[in-house]
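I opened my notebook to look up charged side chains and their partners. My entries follow.

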Amino acid sequence: MELLENGVEANELQDSILKMESNEIEQSKVGIMRALVEAEDPSAKEVDNFMIRRFLRARDLDIEKASNLFLKYLRWRQTFVPNGSIGASEIPNELVHNKVFMQGLDKNGRPIVVIFGGRHKQNNIEELKRFVVYTLDKICSRMPGGQEKFMCIADLKGWGYSNSDIRGYLAALSILQDCYPERLGKLFIVHVPYLFMTAWKAVYPFIDSKTKKKIIFVENKSLRSTLLNDIDESQLPDAYAGQLPLVPIQDA
């Protein structure tokens with residue numbers, strides 16, 4: 001028993017040392033990347049190290065790839081969001097469908113976002129992109145201190161052909177992966193109609209490997225129990241028999 005305990009302690013110590021070394025390497029790369037991107041674009045000085053680190057992690061700590069992605073993001077942000085934020089008045093046709101909500105925190109302290117896919121309608125693609133940015137910025141601004149990720153429940157109840165907006169889905173996916181990397185913590189897809197799988201097959205090849213690992217399809221019979229594994233009942237939206245009423249993203 002004593003040998004077993006000593007072995008466990010040795011493994012824990014080794015894991016701790018490896019984690020410390022990994023953190024040191026990561027922090028060193030954050031510093032190198034910051035110097036590189038600031039030399040290319042002085043506006044990079046305005047972002048914190050957490051953002052630099054998210055882009056690094058999104059590219060498996062490859063400084064060159066992460067720097068290229070980050071600089072591309074800065075150029076995109078300056079062009080697409082020149083005023084620093086998207087206002088509700090810029091996305092009236094998206095907000096009217098009342099399809100995105102925020103409420104509660106999961107057991108890891110991540111904000112919970114609920115999207116009702118059956119309420120999505122094909123619209124002007126540029127307004128949809130603005131809506132995606134509006135939504136992600138709102139989510140990020142509502143994250144508790146020390147938290148960088150959010151949890152999402154994509155509810156496809158009532159989803160049909162009229163909601164099959166492949167172009168829009170790909171645009172939203174591109175913004176999430178390229179401009180808000182390492183923000184999504186987990187995505188539950190629930191109430192999935194068979195019809196949806198056709199659209200899913202078209203979108204799936206464009207999902208990067210890191211994002212794919214965060215996606216979970218949930219069967220109706222195990223929906224509540226699956227959500228409760230990650231969310232306390234006191235934080236679970238009332239749409240899933242929890243205790244919190246959903247709040248539209250524009251009011252969150």
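I started with Glu-148, which sits in the loop between α5 (125-141) and β3 (150-155). I worked from a predicted model. Is Glu-148 buried or exposed? Its relative accessible area is 15%, under the 20% cut-off, so Glu-148 counts as buried.

Next I looked up its partners. The side chain of Glu-148 makes a polar contact with the side chain of Arg-53 at 2.5 Å. Beyond neighbours within four places in sequence, I found Glu-148 in contact with Phe-50, Arg-53, Arg-54, Met-143, Glu-182 and Arg-183.

Then I turned to salt bridges. How many does a search of the whole structure find? I noted 14.

Lys-149 pairs with Glu-182 in one of them, at 3.2 Å, N to O. This pair links distant parts of the chain, 33 residues apart. Lys-149 is in the loop between α5 and β3, and Glu-182 is in the loop between α6 (166-179) and β4 (184-190). I logged Lys-149 as partly exposed at 23% relative accessibility. Glu-182 came out buried, at 16%.

Glu-182 also forms a salt bridge with Lys-214, at 3.8 Å, N to O. Lys-214 lies in the loop between α8 (209-212) and β5 (215-217), so this pair ties together parts that are 32 residues apart in sequence. Both Glu-182 and Lys-214 are buried.

I also checked Glu-233. Its salt bridge is with Arg-224, and the closest N and O atoms are 3.0 Å apart. Glu-233 is partly exposed at 37% relative accessible area, and Arg-224 is partly exposed at 31%.

Last entry: salt bridges that share partners join Arg-53, Arg-54 and Glu-148 into one network.

Methods:
Residues numbered from 1 in each chain as written. Predicted model: local features only at pLDDT ≥ 70, side-chain atom pairs only at ≥ 80, totals over all residues. Heavy atoms only, no water. Helix = DSSP H or I, 4+ residues; strand = E, 2+ residues; numbered from the N terminus. Buried < 20%, exposed > 50% of the residue type's maximum accessible area, 1.4 Å probe, protein only. Polar contact = N/O pair within 3.5 Å; in protein donor to acceptor, adjacent residues only side chain to side chain. Contact = heavy atoms within 4.5 Å. Salt bridge = Lys/Arg side-chain N within 4 Å of Asp/Glu carboxyl O.
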